[in-house]
Amino acid sequence: MSTKAERRVPLPAGLIPLLTQPELETYYQVSEWTVGKWIEAGMPVERLKRTGHRKENRRFDLAQVKAWMAEQEQLAATA
């Protein structure tokens, strides 16, 4: 029987997966509260349909988030 790693199939060229909020929190080493504040400040987020859960499902394009972060750093530097 093959292992899970052996069954892994690479994504098609150009397809980049969206991160979940916990994955984004881990990437930036921040809390759920911090990500919520970033969203309120205008960070790009993909809002998915609710599936009966109380919280909405959000996904994040890391490239867009990085660009937004760079823009925020630039704005803070000029202020």
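Helices here are DSSP runs of H or I with at least four residues, strands are E runs of at least two, and both are numbered from the N terminus. The side chains of E40 and K37 meet in a salt bridge, at 3.5 Å from N to O. That term asks for a side-chain nitrogen of Lys or Arg within 4 Å of a carboxyl oxygen of Asp or Glu. The structure holds one salt bridge.

How open are the two partners? E40 is exposed, at 63% relative accessibility, while K37 is partly exposed, at 37%. Buried means under 20% relative accessible area, exposed means over 50%, and partly exposed is in between (1.4 Å probe, protein chains only).

## About the model

This is a predicted model, so to speak of local features takes a pLDDT of at least 70, and side-chain atom pairs count only at pLDDT 80 or more, whereas totals for chains, interfaces and linings use all residues. Residues are numbered from 1 along each chain as its sequence is written, and side-chain values use heavy atoms, with hydrogens and water left out.

## An aromatic cluster

Now for the rings: the structure holds two aromatic pairs. In one of them, Y27 and Y28 are edge-to-face, with 5.0 Å from centre to centre and 80 degrees between the planes. Rings of Phe, Tyr and Trp (its six-membered ring) pair if their centres lie within 6.5 Å; planes under 30 degrees apart are stacked, over 60 edge-to-face, and the rest tilted. Y27 is partly exposed at 41% relative accessibility, and Y28 is partly exposed too, with a relative accessible area of 24%.

Y28 also pairs with W38: their ring centres are 5.5 Å apart and their planes at 85 degrees, so this pair is edge-to-face. Because Y28 lies in helix α2 and W38 in helix α3 (residues 32-40), the pair ties together parts that are 10 residues apart in sequence. Y27, Y28 and W38 form one aromatic cluster.

Helix α2 covers residues 21-28, and Q21 is found in it. Is Q21 buried or exposed? Q21 is buried, with a relative accessible area of 11%.

Which residues does Q21 touch, leaving aside its neighbours within four places in sequence? Q21 is in contact with E32, V35, I39, R58 and F60, where contact means heavy atoms within 4.5 Å. With R58 there's also a polar contact of 3.0 Å between the side chains. A polar contact is a pair of N or O atoms within 3.5 Å; within protein, one must be able to donate a hydrogen and the other to accept it, and residues adjacent in sequence count only if both atoms are side-chain atoms.
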